[in-house]
Protein chains: 2
Amino acid sequence: MLRFELLATDDLARRGRLTLNHGIVETPVFMPVGTYGTVKGVLPASLMAMGAQIILGNTFHLWLRPGLDVLRQFGGLHRFEAWDKPILTDSGGFQVWSLGAMRKISEEGVHFASPVNGDKLFLTPEVSMQVQHALNSDIAMQFDECTPYQIEGQLTTHAQARDSMQLSLRWARRCRDEFVRLDNRNALFGIVQGGMFEALREESLSALAALDLPGYAIGGVSVGEPKEEMQRIIAHTPQRLPSHKPRYLMGVGTPEDLVLGVAAGVDMFDCVMPTRNARNAHLFTRFGDLRLRNARYKTDALPIDPTCGCHACAGEGGTGSVSRAYLHHLERCGEMLAPMLASIHNLHYYLTLMREIRDALDKGAFAAFSARFHADRARGV
Amino acid sequence: MLRFELLATDDLARRGRLTLNHGIVETPVFMPVGTYGTVKGVLPASLMAMGAQIILGNTFHLWLRPGLDVLRQFGGLHRFEAWDKPILTDSGGFQVWSLGAMRKISEEGVHFASPVNGDKLFLTPEVSMQVQHALNSDIAMQFDECTPYQIEGQLTTHAQARDSMQLSLRWARRCRDEFVRLDNRNALFGIVQGGMFEALREESLSALAALDLPGYAIGGVSVGEPKEEMQRIIAHTPQRLPSHKPRYLMGVGTPEDLVLGVAAGVDMFDCVMPTRNARNAHLFTRFGDLRLRNARYKTDALPIDPTCGCHACAGEGGTGSVSRAYLHHLERCGEMLAPMLASIHNLHYYLTLMREIRDALDKGAFAAFSARFHADRARGV
């Protein structure tokens with residue numbers, strides 16, 4: 001099931017509420033990525049404490065490991081990873097696309113060799129639906145072909161983008177049919193493709209809207225294109241999607257991208273950036289980014305962000321805040337605690353940003369929020 | 001300051017209470033090891049939640065990184081690592097000994113090249129006291145030479161062990177003098193050496209007892225000797241130490257070793273085993289050890305130990321327990337969450353074991369506890 005209520009709008013920006021089989025999600029929302037059934041480096045209780053409402057799992061990865069037998073034994077991903085709130089899973093399309101030369105795409109699906117053990121595998125729209133059904137994800141994504149920005153060093157042509165988009169459309173129908181056949185009681189989202197061509201994106205979204213799916217995503221962005229190209233698509237597509245259904249911008253992005261996406265009418269986001277950057281000692285804060293490895297932090301007694309309430313910045317359960325100097329030291333020594341605290345901090349920052357956005361939308365003050373957000377981020381840590 | 005009260009005894013086993021500058025420690029106690037100012041892979045709040053009373057830091061490592069300038073800026077290790085309960089630091093003796101061919105020992109101290117950057121360094125009893133003073137550790141350990149079990153492939157001879165022990169004794173006096181000169185208000189422990197020779201150990205402990213230090217450790221065990229040799233020393237030395245002072249068995253050991261040590265009159269233990277083994281997917285439980293990588297756990301829906309109350313086995317903050325199958329999966333995928341949850345579990349097990357030992361001693365029921373402990377551990381998971 002999926003119910004979506006639009007609680008408020010502010011120009012194109014939307015404040016909404018999504019009801020799924022495993023609970024309610026206030027939107028706009030950022031969804032932490034838990035590829036293999038774990039948000040990398042974060043304890044389940046930390047995710048809960050920082051107010052994560054919904055997390056992602058990756059169909060491709062979970063299909064390979066632990067595999068469907070194990071996941072079916074646990075009745076899906078929720079109990080397996082001890083997370084009883086909503087879960088969204090991608091379709092595996094982006095991952096097989098990322099395999100590059102190791103895969104072969106046909107009308108039927110994608111042949112590829114398992115990067116884990118070399119097994120020859122065949123992922124189709126039907127298999128993707130079967131895996132996501134076994135995962136029991138609250139939101140399943142259609143299997144699609146992620147249209148690349150470049151093909152063999154050349155910008156993707158209109159004809160290439162059209163063929164790719166039309167393939168994804170045919171796969172969308174097969175996904176819908178298989179989803180129905182499986183009697184899946186969760187929700188299936190379609191994915192708008194069309195590369196950097198607005199007309200193709202409009203063709204894609206019209207055809208998908210005709211399928212009357214419970215939600216729609218914008219795919220094929222954040223695939224190597226210049227920032228302005230991404231911004232052009234974000235300005236174009238979300239507002240053209242059905243207004244009474246949730247809109248999900250896949251794989252995006254920086255804090256600035258999230259604010260831009262909300263302004264353009266996006267309700268849902270996911271990105272590996274907060275956790276991946278944390279593991280590379282790159283911290284996001286209200287006042288700009290902070291690169292922990294910089295020698296200037298060696299003696300810096302301040303917390304990452306004195307206004308932040310995360311485990312690292314404010315302490316938790318009777319422990320105090322930790323300093324930039326301490327985190328710099330942990331990072332230099334290769335201690336696990338550095339990426340652990342950095343991941344908590346970055347995710348906490350992303351989730352707090354979205355909470356502030358929702359508050360601003362509730363008050364009809366998104367423009368003022370956005371102005372302050374940009375001023376704060378430009379201030380510097 | 002250090003105050004030690006003996007609350008109860010049961011044959012040689014002792015139930016005590018240690019009051020230090022940063023708080024009270026109920027003994028017998030296990031002290032998690034936080035080499036570089038972090039117990040590897042464990043959040044400060046998790047350590048607090050599992051009831052750790054005192055943690056270790058390593059003088060040698062912290063001297064090299066972050067170095068004394070940074071530690072002095074924070075007034076010592078407590079604020080730097082956001083831990084306001086007691087801290088014990090070793091003297092660096094064991095670490096320089098572990099450098100093997102890279103160091104040169106003389107009467108004055110130990111010359112060695114920094115394993116971090118190759119800098120030529122000179123660690124002496126006085127420097128060790130100065131570093132531990134800067135760390136403001138509640139318990140500082142004397143700088144000693146850790147007498148090895150073998151020297152160049154040959155069992156250490158009586159003459160070699162005697163020379164080494166006597167050097168440590170002379171260093172103990174220099175440490176005491178420097179500790180006083182620095183006006184350090186914490187507590188200094190002496191370390192009994194003497195290798196595997198009981199008579200040398202008695203000579204060492206008599207001379208150290210004459211210094212009237214506030215506590216004593218048994219060093220030079222768990223240095224590659226056979227288990228029976230270690231047991232022989234544990235049976236010999238602790239009971240001969242001054243009964244009104246805390247006794248610390250350094251670097252030991254398995255759960256069975258802890259129970260043996262308590263029975264022999266030991267009050268304090270530290271060991272890297274719970275965290276190091278956790279990172280190698282080796283879990284300790286009430287019912288024996290569990291090697292997570294074993295294929296039999298692939299589909300095992302049980303928690304590590306259904307009777308355990310740790311984050312992994314019982315959940316925390318609204319999350320459920322996780323299964324052996326999930327942990328096996330995380331481990332296979334190289335996910336950080338595997339060592340994170342395993343480290344919490346193993347430390348929780350060690351700390352719970354010590355709490356149960358204290359409860360048994362409070363009730364005068366240590367023998368019954370010990371019998372049940374061995375029966376449970378032999379049962380198998």
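In β14(A), A:Ile218 is the bridge partner of A:Val192. This pairing belongs to a predicted model. Strand β13 (residues 187-192) of chain A and strand β14 (residues 215-218) of chain A are linked by 4 bridges, in the parallel sense.

Strand β1 (residues 2-10) of chain A runs antiparallel to strand β2 (residues 13-20) of chain A, and 8 bridges join them. A:Leu2 has A:Leu20 as its bridge partner in β2(A). Between the two strands lie 2 residues. A:Asp11, in the turn, has a positive phi of about 55°.

Helix α6 (residues 125-135) of chain A is mostly covered, with 9 of its 11 residues buried. Among the buried residues are A:Val127, A:Met129, A:Val131 and A:Leu135. The buried set also includes A:Glu126, A:Ser128 and A:Gln132. After α6(A) comes A:Asn136, with a positive phi near 55°.

Helix pairs in chain A come next. Two packed helices are described by the angle between their axes and the distance between the axes. For helix α7 (residues 158-181) of chain A and helix α8 (residues 198-210) of chain A, the axes come within 10 Å. They cross at roughly 10°. An angle under 35 degrees counts as roughly parallel, and α7(A) is therefore roughly parallel to α8(A). On the α7(A) side, the contact includes A:His158, A:Ala161, A:Arg162, A:Met165 and A:Leu169. On the α8(A) side are A:Leu200, A:Glu203, A:Ser204, A:Ala207 and A:Leu208. An α-helix has 3.6 residues a turn, so residues three or four places apart point the same way. By class, the residues of the contact of α7(A) with α8(A) divide into 7 nonpolar, 3 polar and 3 charged.

Helix α10 (residues 255-263) of chain A packs with helix α15 (residues 366-379) of chain A. Their axes come within 11 Å and cross at roughly 165°. Angles over 145 degrees count as roughly antiparallel, so α10(A) is roughly antiparallel to α15(A). The crossing of α10(A) and α15(A) is left-handed. From α10(A), the contact is made by A:Pro255, A:Glu256, A:Val259, A:Val262 and A:Ala263. From α15(A), A:Phe366, A:Phe369, A:Ser370, A:Phe373, A:His374 and A:Arg377 take part. The contact of α10(A) with α15(A) has 7 nonpolar, 2 polar and 2 charged residues.

Chain B also has an open sheet of 8 strands with parallel pairing. The order is β4-β16-β15-β14-β13-β10-β6-β5 (chain B). Its edge strands, β4 (29-31) and β5 (55-57) of chain B, pair on one side only. Neighbouring strands are turned by 25° against each other on average, direction ignored. B:Val29 has B:Met268 as its bridge partner in β16(B). Helix α6 (residues 125-135) of chain B packs on the sheet and touches β6 (87-89), β10 (139-141) and β13 (187-192) of chain B. The direction of α6(B) makes about 160° with that of β10(B). Helix α8 (residues 198-210) of chain B lies across β13 and β14 (215-218) of chain B, at about 160° to β13(B).

In chain B, helix α10 (residues 255-263) and helix α14 (residues 337-362) pack at an angle of about 25°, with their axes 11 Å apart. α10(B) and α14(B) are therefore roughly parallel to each other. α10(B) passes α14(B) in a right-handed crossing. B:Pro255, B:Leu258, B:Val259 and B:Val262 form the α10(B) side of the contact. The α14(B) side includes B:Tyr349, B:Tyr350, B:Leu353 and B:Ile357. The contact of α10(B) with α14(B) has 10 nonpolar, no polar and no charged residues.

Definitions and conventions:
Residues are numbered from 1 along each chain as its sequence is written. Chains are lettered from A and ligands numbered from 1 in the order in which they are written. This is a predicted model: local features need pLDDT of at least 70, side-chain atom pairs count only at pLDDT 80 or more; totals for chains, interfaces and linings use all residues. Side-chain values use heavy atoms; hydrogens and water are left out. Axes are lines fitted to C-alpha atoms, for helices over the stretch in contact, and angles run from 0 to 180 degrees between N-to-C directions. Angles under 35 degrees count as roughly parallel, over 145 as roughly antiparallel, 65 to 115 as roughly perpendicular and the rest as oblique. A crossing is left-handed if the near helix is turned anticlockwise from the far one by less than a right angle, and right-handed if clockwise. Contact means heavy atoms within 4.5 Å. Ala, Val, Leu, Ile, Met, Phe, Trp, Tyr, Cys and Pro count as nonpolar, Asp, Glu, Lys and Arg as charged, and the others, Gly among them, as polar. Two strands pair if DSSP finds at least two bridges between them. Buried means under 20% relative accessible area, exposed over 50%, partly exposed in between (1.4 Å probe, protein chains only).
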